[in-house]
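Welcome, and thanks for taking a look at this one with me. Below is a short tour, arranged by topic, to read alongside the structure.

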Amino acid sequence: MNNGAFSMKAIEITDTKKITVIDKAAPVIRSPDDVIVKIAAVSICGTDIHTYTNTHPFVTPPVVVGHEASGVVTGVGRAVTAVQPGDRVAIDPVLGCGECRPCRSGRANACADVKCRGVHVEGAMQEYFKVREQDVHKVPDTLDDLVLAAATEPFAVGAQAVWRGNVEQGQVMLIFGAGAIGLTTMFMAIHRGARCILVDLNQSRLENARRLGAFGAINAADPDLVEQVLALSRSGGPDVVCDAVGNPEIVGLCVELVAPTGTVILLGMDGQPNNVTELAIFRKELTIVGSRMNSNMLPTVLELLTVKRLPFHEILTHRFTIEQAAEAFDMAIEQPQGFIKAVITFP
Ligand SMILES: [Zn+2]
Ligand SMILES: [Zn+2]
């Protein structure tokens with residue numbers, strides 16, 4: 001048990017583009033289902049960047065962010081049976097109210113009162129982090145580098161997208177965005193037997209996507225984008241089209257490009273209206289689905305990791321120490337060539 005209060009380090013975004021390594025009291029077990037995790041690594045997501053640049057719609061510094069985390073269990077409450085001290089785990093950051101219809105059906109990610117750790121409540125960028133038993137999932141021995149397990153959450157977002165889109169063997173899937181989430185969605189779609197075309201504005205990201213398994217990679221600025229997509233897909237367009245960027249204009253393109261009776265998956269969270277007409281959806285009898293964070297997809301990803309190699313290392317391209325946290329966030333803004341995601345490692 002880890003019940004003596006002691007001081008530990010946490011990475012706090014104190015103000016716009018200001019990061020301070022603070023000392024704070026380490027968490028202690030209070031509830032029977034508490035689990036304390038000694039954090040190994042936390043990777044940086046777009047949401048965290050918005051908090052860092054103080055452009056997040058509802059998060060205001062000072063705040064400890066981070067929702068993509070791995071670590072080792074150091075303490076458990078008396079009712080915990082799923083894990084024990086010494087277990088290597090990945091953390092699911094989604095917290096539902098536990099009472100409403102989505103929560104009761106296992107979809108806390110769509111709870112009206114959902115909270116994501118590192119966004120609505122304190123995040124994982126600290127040496128020790130307290131979560132609930134249900135939030136931790138054991139990392140298989142096949143992944144020896146625990147730092148890489150921080151990528152479990154972004155892969156779970158990809159798993160959620162292909163589950164929501166009901167992606168199947170033999171389908172062609174078009175994904176807008178070849179960043180971290182576009183890529184994790186692609187990897188999970190490939191595991192379901194689909195073939196993926198990626199679209200992005202960044203040529204080096206497109207080359208990367210092709211190297212990692214995309215059978216088509218098209219620049220979004222190409223004037224013949226539509227023709228190229230149609231040439232690569234059968235059945236009058238891709239069976240599934242996914243917006244992993246979150247731009248209202250892309251929603252229109254998704255509806256235009258997808259094959260009749262196909263599915264459009266929306267992963268973005270732009271608040272602006274788009275100009276998609278009801279007729280466009282009606283004519284092709286489309287299915288349009290939203291995909292938000294993940295609904296207990298971490299076990300799916302970790303199970304797959306035991307039988308197949310998911311390329312976690314291709315997502316976490318750049319490593320930083322706690323002291324280099326500001327550098328990590330700045331690089332995530334600059335997005336230099338070859339960069340997909342920064343991960344902060346804890347000692
Ligand atoms: Zn994320
Ligand atoms: Zn709920």
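Predicted model: local features only at pLDDT ≥ 70, side-chain atom pairs only at ≥ 80, totals over all residues.

**The opening hairpin**
- S1 and S2 make a hairpin, with 2 residues between the strands.
- In its turn, Lys17 has a positive phi of about 55 degrees.
- Most residues other than glycine have a negative phi.

**Two domains**
- The protein is divided into domain 1 (7-153 + 294-345) and domain 2 (166-290).
- Taken over C-alpha atoms, the centres of domain 1 and domain 2 are separated by 28 Å.
- Where they touch, 10 residues of domain 1 are in contact with 8 residues of domain 2.
- On the side of domain 1 that touches domain 2, the residues divide into 5 nonpolar, 2 polar and 3 charged.

**Helix H5 and its buried side**
- Helix H5 (residues 203-211) has Arg205, Leu206, Asn208 and Ala209 as buried residues.
- These cover an arc of only 160 degrees around the axis, which puts them on the same side of H5.
- Gln203 and Arg211 are exposed, on the face of H5 turned away from its buried side.
- The buried residues of H5 pack against H4, S11 and S12.
- Just after H5 comes Gly213, with a positive phi of about 125 degrees.

**Helix H9 and its buried face**
- In helix H9 (residues 298-307), Leu298, Val301, Leu302 and Leu305 are the buried residues.
- Looking down the axis of H9, the buried residues fall within an arc of 95 degrees, so they line one face of the helix.
- The other side of H9 has Glu303, Thr306 and Val307 exposed.
- Strand S5 (88-91), strand S9 (136-138) and helix H3 (152-164) are what the buried residues of H9 pack against.

**Backbone spots worth a look**
- Pro61 and Pro62 are joined by a cis peptide bond, with omega at about 5 degrees.
- Pro62 sits in the loop between helix H1 (46-52) and strand S4 (68-76).
- Thr261 is not a glycine, yet its phi is positive, at about 65 degrees; its place is the loop between helix H7 (248-257) and strand S14 (263-266).
- Thr261 counts as exposed because it has 12 C-beta neighbours inside 10 Å.
- Glu285, another residue other than glycine, has a positive phi near 45 degrees and is found in the loop between helix H8 (278-283) and S15.
- With 9 other C-beta atoms within 10 Å, Glu285 is exposed.

Definitions and conventions:
Residues numbered from 1 in each chain as written. Chains lettered and ligands numbered in written order. Buried ≥ 20, exposed ≤ 12 C-beta atoms within 10 Å, placed from the backbone. Helix = DSSP H or I, 4+ residues; strand = E, 2+ residues; numbered from the N terminus. Arc of directions from axis to C-beta. Contact = placed C-beta atoms within 7 Å. Domains from an automatic or database assignment. Nonpolar A, V, L, I, M, F, W, Y, C, P; charged D, E, K, R; others polar. Pairing = 2+ DSSP bridges.
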